[in-house]
Amino acid sequence: MPEIHVVRKDNRHLYEHYFDPYYRLRHEIYVKQRKWMALDRPDGREMDQFDTEDAVYLFCIDEGQLIGAMRALPTLLPTLMSDIFPYLNIRGPVRRADVYELSRIFVIPERRGEHAGPRVEMLLLTAIMEYGISIGLTGFTIVLESWWLPRFERCGWKAHPLGLPQMMDGMSVLAVLVDCDDATWKSLCRQIGLTKPTLTWRGLGGVTRQALPDLSPPLPLTAQQAQ
Ligand code: COA
């Protein structure tokens, strides 16, 4: 099964060789395939002012290949919502230590949809919930296209709109705040058959975090009594 690695400034040196392919994949997916031409750069690497050392990345890696990713930014620092799309949030930008902003979720085309194991996209949605509750977050802000909303509804992500959808370049876009909580994480794990936390925290022993429990189904009563 693919592994989801937490990559942040403390352990970035261990993943440096993934960053060039990562930015090139973003260019391929967002500029070439999705045609978000505002993100185009002549060097064929899609990166922006939010790819700072404070950004946290989830890299989904299978047999050494990066097959999907997601980015999380502390909302106490500049974010897409605060600096690029402030008008999407009618109450003004969310700036809270317990809320991160998510962006740039993608899965490479050949690993999208259903496969033998859990969907890579569902693995990422589960993994970011695990990351959030591990470090004490209560929510994620996202600027997203409205087609995500029924997908979130189906998988149990609770998304609260922060403003009205607006049309941008032919896309209906809105800002949401998604709850980050234990119940959502456990429900996602159940849906994709995970019985324990999935994140790889290589080189992050110094990060303060809550250890999450295994989720193995409880033993039948008779077996418990016999022990
Ligand atoms: N517009 C509208 N609906 C879309 C969509 C888009 N650009 N991309 C995906 N969907 C919806 C559709 O309902 C699609 O079903 P369909 O195949 O019947 O059209 C469904 O999601 C499944 O998407 P698919 O891409 O087959 O697989 P997935 O669920 O494994 O992956 C993503 C979903 C978003 C991770 C993947 O499509 C991706 O990486 N896209 C490019 C990056 C991107 O646009 N990210 C979001 C903005 S940051």
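## An exposed loop residue

Glu63 counts as exposed because its relative accessibility is 81%. Here exposed means over 50% relative accessible area, buried means under 20%, and partly exposed is in between, with a 1.4 Å probe and protein chains only. This is a predicted model: local features need pLDDT of at least 70, side-chain atom pairs count only at pLDDT 80 or more, and totals for chains, interfaces and linings use all residues. Residues are numbered from 1 along each chain as its sequence is written, and side-chain values use heavy atoms, with hydrogens and water left out.

Glu63 sits in the loop between β2 (56-62) and β3 (65-74). Strands are DSSP runs of E with at least two residues, helices are runs of H or I with at least four, and both are numbered from the N terminus. The phi angle of Glu63 is positive, near 45 degrees, and the residue is not a glycine. Most residues other than glycine have a negative phi.

Asp169 is not a glycine either, yet its phi is positive, about 50 degrees. Its place is the loop between β7 (166-168) and β8 (171-179). Asp169 counts as exposed because its relative accessibility is 78%.

Which residue has its C-alpha atom 8.8 Å from that of Asp169? The answer is Trp36, 133 residues away along the chain. Trp36 belongs to the loop between α1 and β2. With 23% relative accessibility, Trp36 counts as partly exposed.

## Around the ligand

How many residues surround the ligand? There are 15, and the closest are Ile105, Val107, Gly113, Arg119 and Arg151. A residue is near a molecule if one of its heavy atoms lies within 4 Å of it. By class, the shell has eight nonpolar, one polar and six charged residues. Nonpolar covers Ala, Val, Leu, Ile, Met, Phe, Trp, Tyr, Cys and Pro; charged covers Asp, Glu, Lys and Arg; the others, Gly among them, count as polar.

An N or O atom in the side chain of Arg119 is 2.6 Å from a ligand oxygen. For Arg112, a polar side-chain atom lies 3.3 Å from an oxygen atom of the ligand. Trp147 places a polar side-chain atom 3.1 Å from a ligand nitrogen. Taken alone, the ligand exposes 870 Å², and the protein buries 64% of that. These accessible areas come from the Shrake-Rupley method with a 1.4 Å probe.

β4 gives the largest share, four residues.

The side chain of Glu121 makes a polar contact with the side chain of Arg151, at 2.7 Å. A polar contact is a pair of N or O atoms within 3.5 Å; within protein, one must be able to donate a hydrogen and the other to accept it, and residues adjacent in sequence count only if both atoms are side-chain atoms. Glu121 lies in helix α3. Is Glu121 buried or exposed? Glu121 counts as buried, because its relative accessibility is 12%.

## The largest pocket

The largest pocket holds about 1,100 Å³ of space. On a 1 Å grid over the protein atoms alone, a pocket is an open set of points with protein on both sides within 12 Å along at least five of seven lines, and a cavity is a set where a 1.4 Å probe fits but cannot get out; lining residues have an atom within 4 Å of a point. Points are joined across faces, edges and corners, and a volume is the space filled by probe spheres set on them.

The pocket has 43 lining residues. Tyr30, Arg34, Trp36, Arg104 and Glu145 lie nearest its centre. By class, the lining has 27 nonpolar, four polar and 12 charged residues. Which element supplies the largest share of this lining? β4 does, with six residues.

## One cavity

The count comes to one cavity of 30 Å³ or more. The largest cavity has about 30 Å³ of space. Its lining residues include Val7, Arg12, Phe19, Thr52 and Tyr57. By class, the lining has four nonpolar, one polar and four charged residues.
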